[in-house]
Amino acid sequence: MPRRVAMIGAGMTKFMRRANDTPKEMAFEASKMALDAAGLELKDIESVALGTAPDAFDGVHMKGEYLSDGAGSFLKPYTRSFVGGGTGVFTGAHGWWHIASGMFDTCLVVGEEKMSSAHPHPQGAFLTIFDNLIERNLGPNLVWIFALEMNRYMTKHNIKKEDIARVSVKNKGNALDHPCAQLGMKITVDDVLNSETLAWPVQRLDISPTSDGAAAFVLASEEVAKRVTDDPIWIEGVGWNVDTTIWTNRDLYYPKYVEYAARMAYKMAGIHNPPKDIDFAEPYDPFDYKELHHMEGLQLCRKGEAPILTREGVTARDGDLPTCPSGGALGVGNPIAATGVMKLCELYWQLRGEAGKRQIPKDLRTGVAQAWGDLMQVGTVVVMRR
Amino acid sequence: MSKEYPGNPLNSKDFKKALKTKYVPTAEYAWSAGHAINRFLTGLKEGRILGIKCRSCERILVPPRAFCEECFISVDEWVELKDTGTVNTFAISYLDTMANRIKKPLLPAVIEIDGAGGNGFLHMLGEVDPKKIKIGMKVKAVWKPAKDRKGDITDIKYFKPARGGV
């Protein structure tokens with residue numbers, strides 16, 4: 001039987017278009033804040049789990065090793081995990097098994113990304129995800145995969161673009177209440193629909209920004225958690241799953257790998273009826289339609305139903321099933337691995353009632369966070385409870 | 001949750017003035033195509049689209065691979081497919097490969113190759129008004145002249161609407 005694992009402190013930097021701080025400095029700031037919040041010192045930390053995206057983003061090889069000092073792992077057991085855009089939420093599982101296995105009583109978990117160093121933008125670093133033998137010579141752009149997936153999803157369910165735009169309006173609006181947000185904005189559906197078309201159906205305001213930032217949290221065994229806090233938040237379910245990179249051989253309208261990751265996490269957490277048993281969610285929203293796609297993969301609604309729930313206000317912060325109360329990747333910003341960690345931090349702050357102006361105005365017991373990545377193939381899910 | 005968050009944003013003006021180092025990687029690669037894609041690309045050079053059939057699940061795999069990832073067995077039953085198919089999904093891209101803005105859009109699409117049970121690959125659409133492209137539209141490959149083909153995905157120039165219209 002795995003041991004119970006508690007989150008006992010969280011921290012993050014501002015998410016920024018371009019940070020002066022180095023990646024290591026950002027990792028240090030977020031880690032230090034998480035330790036302070038937990039009331040622990042580095043000497044209390046027995047293991048460190050780090051998540052960060054490919055080395056090409058930073059142009060720094062051995063990025064995990066480079067970041068290790070900043071992540072508080074000087075001469076400690078340390079590993080870096082990477083599962084594409086799914087990395088941030090995956091660190092919740094990565095840290096979880098350090099404690100659940102009984103190997104360690106504490107684990108500092110850190111996510112960091114500095115995307116601005118790839119100058120003027122990281123497009124060239126992204127392109128190498130496409131198949132080197134039969135795709136790259138077509139001259140693809142990263143936005144294509146989202147446009148292709150979004151079009152398939154919209155067409156399959158006959159979804160109007162305006163119902164997708166509402167996610168961007170909601171999340172950028174929610175981010176106005178987040179002190180770390182890069183792109184909190186009050187915008188309208190028309191603003192989204194009138195924004196520049198990049199690769200139809202994807203328009204400028206459908207997309208999250210590139211960002212610099214770091215986020216971190218401290219995990220502890222039940223024994224340590226009960227000693228240092230009266231209000232631990234428990235990681236009760238973790239799940240992850242990967243589909244093939246041969247993405248043109250599957251129907252992009254539905255993320256089956258997210259469903260499988262969610263079912264794995266829900267089984268562990270004893271969740272039988274997700275829409276009823278889950279109070280709020282932080283699905284991954286690098287593009288507005290992705291939040292909807294992921295709500296469906298997370299079994300929070302039926303296939304094709306997420307846009308309707310969004311239109312009806314169900315997913316608003318004061319709705320029955322708030323999604324991305326933080327402001328999400330669209331609003332807070334999207335420093336890839338740090339984004340997923342930020343989502344786990346948001347579950348923690350919301351469940352403890354410490355989310356300030358972002359606090360969901362209802363009694364919260366269970367939240368789920370999810371991330372997604374690579375060639376539309378990775379699903380990572382973490383369920384947390386108070 | 002504490003009130004002060006760390007992090008020091010730089011605007012583009014300050015970034016210009018900031019001390020920094022620069023580096024442009026020169027990393028060049030040449031990839032051998034492997035068993036399955038070598039044959040697939042050879043087929044393209046000959047003006048043919050080849051798939052491979054898994055004897056266990058009976059799927060026609062396009063793009064072909066040396067093994068079926070579901071059944072986890074080697075596959076070797078090559079099948080020649082038609083050069084026609086259906087648009088599974090598409091985009092109208094005003095971004096080129098390095099995200100520069102372009103006036104005449106690129107038209108990437110996933111093409112389900114006829115006879116492959118819905119399987120297919122990424123390619124481009126051409127000879128079509130972007131406004132008239134529909135998911136489900138029937139398309140046909142437009143090949144480069146035989147002398148210009150070199151065993152590359154671009155031996156097919158693009159797919160155009162089949163039967164002369166949409």
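1. Start at the strand pairing across the two chains. In this predicted model, strand β5 of chain A (residues 197-200) is joined to β7(B) by two bridges, and the two strands run antiparallel. One residue pair to look up is A:Ala199, which sits opposite B:Ser93 of β7(B).

2. That pairing belongs to an open sheet of four strands, ordered β6(A)-β5(A)-β7(B)-β8(B) and paired antiparallel.

3. Now the interface as a whole. Contacts link 41 residues of chain B with 48 residues of chain A. On the chain B side, β6 (84-90), β7 (92-95), β9 (108-113) and β10 (120-124) each supply at least two residues. The largest share is that of β10(B), with five residues. Sorted by class, the side of chain B that touches chain A has 27 nonpolar, eleven polar and three charged residues.

4. Chain B on its own. Its secondary structure consists of two helices and twelve strands. I'd look at the overall dimensions here: a compact globule of 166 residues would have a radius of gyration near 15 Å, but chain B has 22 Å. Along the principal axes, its C-alpha trace spans about 60 × 45 × 40 Å. Buried residues come to 33% of the 166 in chain B. As for sequence range, 53% of the chain B contacts with a separation of 6 or more are between residues 24 or more positions apart.

5. Chain B also has a sheet built from its own strands. Three of them form an open, antiparallel sheet in the order β2-β1-β5. The edge strands are β2 (60-61) and β5 (77-81) of chain B, each pairing on one side only. Strand β1 of chain B (residues 49-53) is joined to β2(B) by two bridges, and B:Ile52 stands opposite B:Leu61 of β2(B). Helix α2 of chain B (residues 34-45) lies across β1 and β5 of that chain, at about 145° to β1(B).

6. Chain A, for the same overall figures. It has 15 helices and eleven strands. With 386 residues, a compact globule would have a radius of gyration near 21 Å, and the 19 Å of chain A agrees with that. The C-alpha atoms fill a box of roughly 55 × 45 × 35 Å along the principal axes. Of the 386 residues in chain A, 63% are buried. Among its contacts between residues at least 6 apart in sequence, 79% join residues at least 24 apart.

7. Strand β4 of chain A (residues 106-114) deserves a look. Nine of its nine residues are buried, so the strand is largely enclosed by the rest of the structure. Both faces are covered: on one side are A:Thr106, A:Leu108, A:Val110, A:Glu112 and A:Lys114, and on the other A:Cys107, A:Val109, A:Gly111 and A:Glu113, all of them buried. Note that charged side chains are on that list, among them A:Glu112 and A:Lys114.

8. As for the neighbours of β4(A), strand β2 of chain A (residues 47-51) pairs with it in the parallel sense over five bridges. Strand β7 of chain A (residues 212-221) is joined to β4(A) by nine bridges and runs antiparallel. A:Val110 takes part in both pairings: A:Leu50 has it as bridge partner, and its own partner in β7(A) is A:Ala216.

9. Last, a helix pair in chain A. Helix α7 (residues 161-175) and helix α12 (residues 288-297) pack at about 100°, with their axes 7 Å apart. That angle makes α7(A) roughly perpendicular to α12(A). The contact uses A:Ile164, A:Ala165, A:Val167 and A:Ser168 from α7(A), and A:Asp288, A:Tyr289, A:Glu291 and A:Leu292 from α12(A). By class, these residues divide into five nonpolar, one polar and two charged.

Key:
Residues numbered from 1 in each chain as written. Chains lettered and ligands numbered in written order. Predicted model: local features only at pLDDT ≥ 70, side-chain atom pairs only at ≥ 80, totals over all residues. Rg over C-alpha atoms; globule rule 2.2 N^0.38 Å. Buried ≥ 20, exposed ≤ 12 C-beta atoms within 10 Å, placed from the backbone. Contact = placed C-beta atoms within 7 Å. Pairing = 2+ DSSP bridges. Axes fitted to C-alpha atoms, helices over the stretch in contact; angles between N-to-C directions. Parallel < 35°, antiparallel > 145°, perpendicular 65-115°, else oblique.
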